[in-house]
Amino acid sequence: MPLAPGVTFLEPNVPVHVLDSGVAGPTAVFQAGIHGDEIAGVHALAELLEEGALTPARGRVLVCPVMNAAAYRARQRAAPGGLDLNRQFPGDADAPERERRLARRFMDLMEDERPALVVTLHESWKRFHPDVPVSFGQTVVYGVEPRPPVVDRVVAAMNEELATPYEVWAPHHFPVATSSTEVIVDAIGCVGLCIETWMGFDEARRVAMHKRVVGLLARDIGVIDAA
Ligand SMILES: [Zn+2]
């Protein structure tokens, strides 16, 4: 059953904000901080919540600003002594490891909500280059072919607003079998994307870019009218 509007907790310190328009429409999910050293998305979602910018005109918006709170506090990819949360999906409710249990709770939420769009905000130490396999900044990453058409629309919109030519955005196909987005896409057939900014840019600029991408995606799926 879908969650009631308000805030619910996947863990005592992992809130999910449920914004419900009361009008029929799609559900969009935005999540950040699954890797604790990738902070721009965390702050972008916090600011968007504070500004009311994701209050839906139709449908529902779910926002999980800090998916791995312990990793975020440590500013590490994983919590000290913990697992990479984004490699634990679909997770296991009875696992001894916290990350595998949390992954399962998030999967249960996705299976209840059946979102049309799931977006995870990340950052990368390496700027994207097609010849460098594990480079991501700045890309819209999809793991399941064919490429969702929204990827090209968002990349084109971001490339119209570059503060410097080095900010250029690209689509990037990079499947990761146990990642949140790919497992969720396989399970429920939604569009699942990872947004990656390059950590070489100033934090404020990275936050602004994440906010812009989230707004463009929310408008594209139809939950808000203006990004
Ligand atoms: Zn990441």
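Q: At 37% relative accessibility, what does E203 count as?
A: In this predicted model, local features need pLDDT of at least 70, side-chain atom pairs count only at pLDDT 80 or more, and totals for chains, interfaces and linings use all residues. Residues are numbered from 1 along each chain as its sequence is written, and side-chain values use heavy atoms, with hydrogens and water left out. Relative accessible area under 20% means buried, over 50% exposed, and anything in between partly exposed (1.4 Å probe, protein chains only). With its 37%, E203 therefore counts as partly exposed.

Q: Which residues does E203 touch, not counting residues up to four places away in sequence?
A: E203 belongs to helix α6, residues 203-221; helices (H or I, at least four residues) and strands (E, at least two) are DSSP runs numbered from the N terminus. A contact requires heavy atoms within 4.5 Å. Beyond the excluded sequence neighbours, E203 touches I39 and H43.

Q: In sequence, how are the donor residues of the zinc ion spaced?
A: Donors are N, O and S atoms within 2.8 Å of the metal (3.2 Å for Na, K and Ca); water is not among the atoms, so sites may look incomplete. The protein donors of the zinc ion are H35 (ND1), E38 (OE), E38 (OE) and H122 (ND1), at 2.0 to 2.6 Å. Of these residues, H35 is buried at 2% relative accessibility, and E38 is buried at 5%. The spacing of the donor residues is H-x2-E-x83-H.

Q: What is the arrangement of the four donor atoms around the zinc ion?
A: Four donors count as tetrahedral if all angles lie between 85 and 135 degrees; four count as square planar and six as octahedral if opposite donors are over 155 degrees apart and all others between 65 and 115; anything else is irregular. Because the four donor atoms around the zinc ion subtend angles of 55 to 152°, the arrangement is irregular.

Q: At roughly what angle do the axes of helix α3 and helix α5 cross?
A: Axes are lines fitted to C-alpha atoms, for helices over the stretch in contact, and angles run from 0 to 180 degrees between N-to-C directions. The axes of α3 (residues 98-113) and α5 (residues 180-188) come within 10 Å and cross at roughly 35°.

Q: Which residues of α5 make the contact with α3?
A: By class, this contact has seven nonpolar, no polar and one charged residues. Ala, Val, Leu, Ile, Met, Phe, Trp, Tyr, Cys and Pro count as nonpolar, Asp, Glu, Lys and Arg as charged, and the others, Gly among them, as polar. From α3 the contact is made by F106, M107, M110 and E111, and from α5 by V183, I184, A187 and I188.

Q: Which elements are included in what covers the buried residues of α5?
A: Helix α5 is largely enclosed by the rest of the structure, because seven of its nine residues are buried. These are S180, T181, E182, V183, I184, V185 and I188. Their cover includes α3, β5 (117-124) and β8 (191-198).

Q: What is the relative accessible area of R114?
A: R114 is found in the loop between α3 and β5. Although R114 is not a glycine, its phi is positive, at about 50°. R114 is partly exposed, with a relative accessible area of 47%.
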